[in-house]
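Subject: The structure, and what turned up in it

Hello,

Here is the structure you will be working with. Please open it next to this email and follow along.

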Amino acid sequence: MTIKNITAAITKTEQSFATLPLRLIAGLVFSAHGAQKLFAWFGGYGLEGTGQWMESIGLAPGYLMALMAGGAEFFGGLLLIVGLLVRPASFVLAITMVVAIFTTHIDNGLFMSNNGYEFALSLLAITLALLIQGAGKLSLDGKIHNKLNQ
C-alpha cells in the first residue's frame, strides 16, 4: 500500500453535514479539557496538578499520563474542529474516554451529579460516530481526499 492509498483511506469521508456539529462541539469540549490539563487554563490544574491527581488514582507516571491525556484532548479536539485526520484523532480520543470511564467514573454510576460516566460515555459515542463516518463536508479531510482522487 502506498502513502497515497493510506492517506486516501484515512481521509475518506461521507459527504454529509451531519458530522459538522459533532466535530465542532466535541472538538471545543476536548480542546478545553486538554487546555485545563496542559496549560492550567479554564480553572484547570496544569500538568503538575493533573499529574499528581493521576498518580493518586493509580495512573503512573502521573506527569506523563497527564501529558498524554491533555495532548490527546487538546490537539485531538483541534483536529476535530478543522476536520483533519478525524478518524485517527477520534480513535485516540475514544481510547482516552474509555480510560476516563474505567479509571475515574465507573464506580460512581451513570449520572454526572455523582461524578458518573454519562458525559465521558457521550463523548465516547461521538468519537465512535466520527471514527465510522469520517469528517464530513467542510473538512480538511474531505478536501485532501478529493484532491487525491482527482
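Start with what covers the buried residues of α6: the cover includes α2 (19–39), α4 (62–82) and α5 (86–105). This is a predicted model, so keep that in mind throughout. The buried residues of α6 are Ala120, Leu123, Leu124, Thr127 and Leu130. Why do they sit on the same side of α6? Because they cover an arc of only 130° around the axis.

Now look at α6 as a whole. The helix runs over residues 118–133, which makes 16 residues. From its first C-alpha to its last it reaches 22 Å. That is close to the 22 Å expected at 1.5 Å a residue. Gly134 follows α6, and its phi is positive, near 90°.

Pick out Leu124 next. Which residues does Leu124 contact, leaving aside its neighbours within four places in sequence? The contacts are Ala94, Met97, Val98 and Ile101. Leu124 is also among the residues with the most contacts inside the largest nonpolar core. α2, α5 and α6 each supply at least two of its residues. The largest share, seven residues, comes from α5. As background, nonpolar side chains tend to be buried together in soluble globular proteins.

Next, charges. Side chains of opposite charge can pair when their charged atoms come close. How many salt bridges does the structure hold? The count is one. Glu73 pairs with Lys37, and their closest N and O atoms are 2.8 Å apart. The pair links distant parts of the chain. Glu73 is in helix α4 and Lys37 is in helix α2, 36 residues apart. Are the two partners buried or exposed? Buried means under 20% relative accessible area. Glu73 has 6%, so Glu73 is buried. Lys37 has 16%, so Lys37 counts as buried too.

Then turn to α7, residues 140–148. Its buried residues are Asp141, Gly142 and His145. They cover an arc of only 100° around the axis, so they lie on the same side of α7. The face turned away from that buried side carries Lys143 and Lys147, which are exposed. What covers the buried residues of α7? The cover includes α1 (3–11) and α5. Recall that α5 is also part of the cover over the buried residues of α6.

Finally, step back to the whole chain. Its secondary structure comes to seven helices and zero strands. From the N terminus on, the elements run α-α-α-α-α-α-α. Of the 150 residues, 38% count as buried. The C-alpha atoms fill a box of roughly 50 × 30 × 30 Å, taken along the principal axes. Does the radius of gyration agree or disagree with that of a compact globule? With 150 residues, such a globule would have a radius of gyration near 15 Å. The chain has 16 Å, which agrees. Residues 24 or more positions apart account for 65% of them.

Best wishes

Technical notes
Residues are numbered from 1 along each chain as its sequence is written. This is a predicted model: local features need pLDDT of at least 70, side-chain atom pairs count only at pLDDT 80 or more; totals for chains, interfaces and linings use all residues. Side-chain values use heavy atoms; hydrogens and water are left out. Helices (H or I, at least four residues) and strands (E, at least two) are DSSP runs, numbered from the N terminus. The expected span of a helix is 1.5 Å times one less than its number of residues. Buried means under 20% relative accessible area, exposed over 50%, partly exposed in between (1.4 Å probe, protein chains only). The arc is that of the directions from the helix axis to the C-beta atoms. Contact means heavy atoms within 4.5 Å. A salt bridge is a side-chain nitrogen of Lys or Arg within 4 Å of a carboxyl oxygen of Asp or Glu. A nonpolar core is a set of buried Ala, Val, Leu, Ile, Met, Phe, Trp, Tyr and Cys residues joined through side-chain atoms within 4.5 Å. The radius of gyration is taken over C-alpha atoms; the globule rule is 2.2 Å times the number of residues to the power 0.38.
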